[in-house]
Amino acid sequence: MARQVTAARGSHLAARRAATIVALALAVLVSSGAQRFSARLQVDKIFAEWDSRQSPGCAVALYKDGRILYERGYGMADLEHDVAIAPDTVFYVGSVSKQFTAFAAALAIQKGLLAADDSIRKHLPELPAYADAITVRHLVHHTSGLRDFYTLLSIAGRRQDALFDNPSILRLAARQKALNFAPGEDYLYSNTGYTLLAMVVGRAAKMPFGAFAETHIFKPLGMTSTFFGDDASRVIRGRAYGYTWSAKGEPRIDTPAGERVGAGGLFTTVRDLRRWDENFYSAAVGGKALVGEVQKTGTLASGKPLTYAWGLEIGQYRGVPIVEHGGSLGGYRAHLIRFPDLHFSVAALCNVSSITLAPLVREVSDVAIANRFTEPKPAAGQRGANAGRGGQPNPSSTPAAGDSTSPAELSGVYVSDEIQATFTIAAKGGQLLVQRDEDAEPIATQPAAGGQFRVRNMTIRFTRGPNGRVDALLVDAGRVRDIRFDRK
């Protein structure tokens, strides 16, 4: 009987312990669920504007300690077929690609296929002599002086997809007669540089760049939905199409086509980006030394340090270190921000051109890790709207024709062999007009200081030859400086 009572008591105590454990577990689940729900509501509110079946939108994911803390899609991936955005939706990510290109270059260096201080002409002999002094390291840190191909297309008045693939960009670079500055002397963001960097890696590895990245990055990390889009005919299941808004507030397709990779070209998902982000802690691919190296910022020849590392912007937000980069092309916008000391990151991939992501991913961070910041929130307009874009125009020392030059004296046809474009300058009613090959109508210019003229996103100034006659015009357009058009 005593044994039965003892057994009963033991059974009762065991049941009470089990009930207590279950109750505690439920309490933890309820508590953590409440926390997740609270964060979800606040994050959802940030992206509420695009959370509609009539709007393109975003996929957003928060990563903490290597796991997905929260993920969700807002809006539509394909408005024509009524397909909603989900965490596994595939997006084009623009310049977020650059960190993968730079990492691939670092792996190629680690494997002894090339060196950071190689002249790029060792691998790209098609380039003219100006490239002798440009090294792989200059390409990585945007200190090469190479003119940006998107800006060159803009100057010529052509579409951004006019250069379809990497060989066409190499041919454009080979036609240039000068650089923006001597390699290493300045920083100026260059998509041309990163396109050529991908070509250098591919040639050094004797395989297509996309295949190199697939073999050495994507497969080892299990990034099954990630690839460089070097084949425009490839079927991309689960793709989000890019959109922009018309003047009437209606969505219009804005999905770029092309086979350019290096500066952009990457397709991925917010779920795959978690695997990439975690490699900066685990170093499963590349090892600790390489992962540390790619987060080191560049330095100018003068010794001035930069904030740009290997395809990554290094900085701080509210007193906490961050590593980030944004990207955009057509209707696509993307941003990945990491707080390495907190093992926390936010990824946002979008298919609507009107969204500015850098401030939004900071707002998400404000919600998710609010108690970890050491400084107050900045004003709404100061949350990093231009993060990851890099490069501002510098004034040129090339002399202008002068304020006293009349518009009639500047009239004529000016030709650039470097971008195979023609500017026709005409005077009408005392005003200077510019017409490019691709323009339907002449564009009116606005006078500026020093005899210069502003038109669209360009500054034009005229130069005189030894005989005093106006012989050329020079164009500055941000990431292109002093490209010359000779007067015919």
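# A guided tour of the predicted model

Start by selecting F149, Y150, T151, L152, L153, I155 and A156, the buried residues of helix 4. Buried here means under 20% relative accessible area, exposed means over 50%, and partly exposed is anything in between (1.4 Å probe, protein chains only). Helices (H or I, at least four residues) and strands (E, at least two) are DSSP runs numbered from the N terminus.

Before going on, note that this is a predicted model, with local features needing pLDDT of at least 70 and side-chain atom pairs counting only at pLDDT 80 or more, while totals for chains, interfaces and linings use all residues. Residues are numbered from 1 along each chain as its sequence is written, and side-chain values use heavy atoms, with hydrogens and water left out.

**Stop 1: helix 4 and its ends**

Now show the whole of helix 4, residues 149-156: seven of its eight residues are buried, so the rest of the structure largely encloses it. At the N-terminal end, pick D148, which caps the helix with a side-chain oxygen 3.1 Å from the backbone nitrogen of Y150. That is a polar contact: a pair of N or O atoms within 3.5 Å, where within protein one must be able to donate a hydrogen and the other to accept it, and residues adjacent in sequence count only if both atoms are side-chain atoms.

**Stop 2: the nonpolar cores**

Stay with I155 and show what surrounds it. Skipping neighbours within four places in sequence, I155 is in contact with I419, F423, R436, M458, V475, A477, V480, I483 and F485; contact means heavy atoms within 4.5 Å.

Which residues have the most contacts inside the largest nonpolar core? They are I155, L196, W276, F423, F462 and F485, in a core of 110 residues. Helix 6 (residues 191-205) gives the most to this core, nine residues in total. A second, separate core has 27 residues, including V60, L62, I322 and I355. A core of this kind is a set of buried Ala, Val, Leu, Ile, Met, Phe, Trp, Tyr and Cys residues joined through side-chain atoms within 4.5 Å.

**Stop 3: helix 5**

Next, colour N166, S168, I169, L170, L172 and A173, the buried residues of helix 5. They pack against helix 4 and helix 6.

Zoom in on N166, which counts as buried at 7% relative accessibility. Setting aside neighbours within four places in sequence, N166 is in contact with T195, A198, M199, E259, R260 and V261. A polar atom of the N166 side chain lies 2.9 Å from the backbone nitrogen of V261.

Is S168 buried or exposed? At 11% relative accessibility, S168 counts as buried. A polar atom of its side chain lies 2.6 Å from the backbone oxygen of D165.

**Stop 4: A108 in helix 2**

Select A108, which lies in helix 2 (residues 98-110) and is buried, with a relative accessible area of 0%. Leaving out neighbours within four places in sequence, A108 is in contact with L113, L114, V201 and F212. A108 and A204 are 96 residues apart along the chain, yet 7.8 Å separates their C-alpha atoms.

**Stop 5: two aspartates in loops**

Most residues other than glycine have a negative phi. Pick D82, which is not a glycine but has a positive phi of about 55°. D82 sits in the loop between strand 3 (76-78) and strand 4 (83-84) and is partly exposed, with a relative accessible area of 45%.

Now pick D482, another residue that is not a glycine but has a positive phi of about 55°. Its loop runs between strand 21 (470-476) and strand 22 (483-487), and D482 counts as partly exposed at 22% relative accessibility.

**Last stop: the whole chain**

Zoom out and show the cartoon: the chain has 11 helices and 22 strands. Buried residues make up 50% of its 488 residues. Among contacts between residues at least 6 apart in sequence, 63% join residues at least 24 apart.
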